[in-house]
Amino acid sequence: MSEGLRARKKRQTRRRISEAALGLFVARGFDHVTIAEVAAAAEVSVKTLYNYFEAKEDLVLPPDEASPQRLADITRARRPGESAAGAVLGHLRHELRHRDRKVGLTAGFGPVFEMMRAAPTLTARLEELGRQMTDALTAVLAEETGAAAGDQTPRVVAGQIGWFHSLVYGEIGRRLVAGEDPATISGALLELLDVVEETLSERTLGYATREE
């Protein structure tokens with residue numbers, strides 16, 4: 001079904017606001033730009049801006065892209081014969097090979113990452129997002145494996161998956177700030193995931209394998 005005129009205009013407005021915000025944040029720093037300045041740069045009212053983004057941090061980390069359910073959703077969608085860790089490893093490899101914007105492998109993302117790292121509220125949001133992802137994944141693993149109430153295995157496995165997921169994002173950011181190009185970073189991170197997979201225990205790699 002083709003996109004309607006109203007939906008297209010909303011998408012274009014949202015994109016214009018986001019691009020204006022990132023341009024100002026990168027140039028001046030996240031904490032030194034006001035919502036009113038972003039609205040003016042995007043040529044919309046402050047009220048309109050808040051219709052698209054509920055909080056200033058959402059301009060950089062929109063909930064529909066930086067979702068607490070990311071790891072849980074990847075795990076729920078795993079194929080028969082695939083484990084939770086295997087599903088997340090495979091998903092990350094796919095994003096890296098295709099240089100997906102979800103992992104920041106797009107031209108010009110280095111300054112954006114550096115801006116995010118310099119803003120305490122954004123780093124706090126990222127840390128909280130990581131915790132929420134791990135909690136959501138823990139709940140899915142516990143439910144799907146039928147783990148007993150006192151069984152800590154789902155949380156431990158979820159913690160390990162959350163760790164290497166965060167490791168990938170952190171390494172991408174470090175390399176982008178250092179000036180490496182997306183193709184080089186993609187290759188290096190695919191090698192890193194191979195090392196991660198070799199290092200994880202068999203129990204972690206096989207945990208919550210979906211039945212054939």
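Guide: Welcome! Residues are numbered from 1 along each chain as its sequence is written, and side-chain values use heavy atoms, without hydrogens and water. In this predicted model, local features need pLDDT of at least 70 and side-chain atom pairs count only at pLDDT 80 or more, while totals for chains, interfaces and linings use all residues.

Visitor: Why is threonine 153 called buried?

Guide: Buried means under 20% relative accessible area (exposed is over 50%, partly exposed in between, with a 1.4 Å probe and protein chains only). Threonine 153 has 14% relative accessibility, so it counts as buried.

Visitor: What makes the pair of threonine 153 and arginine 203 a polar contact?

Guide: A polar contact is a pair of N or O atoms within 3.5 Å; within protein, one must be able to donate a hydrogen and the other to accept it, and residues adjacent in sequence count only if both atoms are side-chain atoms. The side chains of threonine 153 and arginine 203 make such a contact, at 3.5 Å.

Visitor: How do you know what span to expect for helix H7?

Guide: Helices are DSSP runs of H or I, at least four residues, numbered from the N terminus. The expected span is 1.5 Å times one less than the number of residues. H7 has 26 residues and reaches 38 Å from its first C-alpha to its last, close to the 38 Å expected.

Visitor: Which residue follows H7?

Guide: Glycine 146 does, and its phi is positive, near 65°.

Visitor: Which helix gives the most to the lining of the largest pocket?

Guide: That is H8, with eight residues.

Notes:
Helices (H or I, at least four residues) and strands (E, at least two) are DSSP runs, numbered from the N terminus.
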